[in-house]
Amino acid sequence: FNDTATTEIYTRSLVGSVRCVQETGVHGDWIYILMDSFALVIHGGAGVIGKGEFTPEMDKLYKQELEAALKAGYEVLIKGGTSLDAVEASVRSLEDCPLFNAGKGAVFTAEGKNELDASIMEGHTLRAGSVAGVTTIKNPISAARAVMEKSEHVMLVGKGAEEFSKKVGLVQVDPAYFYTEARYKGYLKVKEDEESKVAKCGTVGAVALDKFCNIAAATSTGGMTFKKYGRVGDTPIIGAGTYANKLCGISCTGHGEYFIRASVAHDIASIMEYKKVSLEEAAKEVVHKKLVALGGEGGIIAVDKAGNISLEFNSEGMYRGFVKSDGKFHTSIFKEEQHFIIMISLILLPVSYTHLMLQTSDL
């Protein structure tokens with residue numbers, strides 16, 4: 001290679017690929033190398049999405065914003081960036097969009113305020129960070145990452161989280177920044193009638209597999225419309241709303257209380273590990289059986305270490321999208337739009353496992 005940066009990316013990718021081979025148990029004279037392959041999946045929330053009230057203009061607008069979030073993460077991954085950087089970039093994009101219940105589009109509490117939660121997790125290290133009940137941090141997902149990387153803690157809450165975010169230099173805003181007319185009207189409607197069918201839940205999230213075979217997951221939310229008494233849902237709870245390990249990464253959306261009780265994100269990873277089933281099988285078991293049995297509604301997005309993705313939900317719809325290394329962006333909202341998910345393209349090389357290990361040991 002002609003430059004150091006390119007050599008470093010190639011080397012890191014190759015070494016990461018060897019680790020993938022070791023962990024997946026592939027043996028013999030043929031191995032899979034993931035050097036140019038990656039995957040990114042996002043969601044903008046699941047729940048009460050009334051298709052009858054969804055105009056073609058709304059459909060176009062939501063899908064444009066979903067694609068913008070995908071592009072933010074894709075630009076990181078295509079350049080050899082990490083899954084952690086990619087999920088943060090995608091979630092920040094969704095947080096900055098008033099259409100989704102996170103960041104700028106956060107719903108209102110019973111007190112007429114906006115309280116935000118977020119979490120992030122890095123699979124190969126099991127590092128994690130989260131914040132809950134924050135009111136002045138522009139991008140809570142970046143605060144969650146700062147907790148993970150710049151403190152000895154996993155979760156910070158309320159004023160303490162805000163104080164910490166100031167200390168590490170994150171952008172602060174006046175609470176009025178989170179006001180949007182649409183969310184405030186929804187709040188007033190629920191205030192008048194708490195049984196109103198206003199969409200009370202909503203979350204955004206992203207999960208990515210990078211060129212180094214590392215997975216990361218991130219989730220952010222404004223919580224539940226008209227929530228009371230400092231209520232916190234599953235989003236900032238590692239293992240409930242967000243989880244990632246070396247096998248897979250998951251981000252959840254829906255009625256948080258049920259996701260906490262079912263430890264949804266962690267349960268999917270555990271089923272994969274202990275029952276030795278695919279990501280799709282594990283996700284279906286949790287979302288369509290265990291969660292439904294409890295009375296929970298919502299969905300998940302997930303990616304495994306081979307680049308397979310899952311977008312499972314038991315609600316009417318879920319704002320969602322994905323992109324792989326082919327650069328084709330896919331976005332959907334309702335069930336009938338569900339895309340056929342193809343496996344990520346792999347490069348098949350006729351190289352012996354031992355020979356490759358010898359080569360990489362010299363890098």
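Author: A crossing is left-handed if the near helix is turned anticlockwise from the far one by less than a right angle, and right-handed if clockwise. Helices are DSSP runs of H or I with at least four residues, numbered from the N terminus. The model is predicted, with local features needing pLDDT of at least 70 and side-chain atom pairs pLDDT 80 or more, while totals for chains, interfaces and linings use all residues. Residue numbers start from 1 along each chain, and side-chain values use heavy atoms, without hydrogens and water.

Reader: Which hand does the crossing of α2 and α3 have?

Author: The crossing of α2 and α3 is right-handed.

Reader: At what angle do the axes of α2 and α3 cross?

Author: Axes are lines fitted to C-alpha atoms over the stretch in contact, with angles from 0 to 180 degrees between N-to-C directions. For α2 (residues 56-78) and α3 (residues 83-95) the angle is roughly 155 degrees, and the axes come within 8 Å. Angles under 35 degrees count as roughly parallel, over 145 as roughly antiparallel, 65 to 115 as roughly perpendicular and the rest as oblique; α2 and α3 are therefore roughly antiparallel.

Reader: Which residues of α2 and α3 meet?

Author: Contact means heavy atoms within 4.5 Å. Among them are Leu66, Ala69 and Gly73 in α2, and Ala86, Ala89 and Ser93 in α3.

Reader: How do α8 and α9 cross?

Author: The axes of α8 (residues 264-275) and α9 (residues 279-294) come within 9 Å, at roughly 130 degrees. These two helices, α8 and α9, are therefore oblique to each other. Their contact includes Ile268 and Ile271 of α8 and Ala282 and Val286 of α9. α8 passes α9 in a right-handed crossing.
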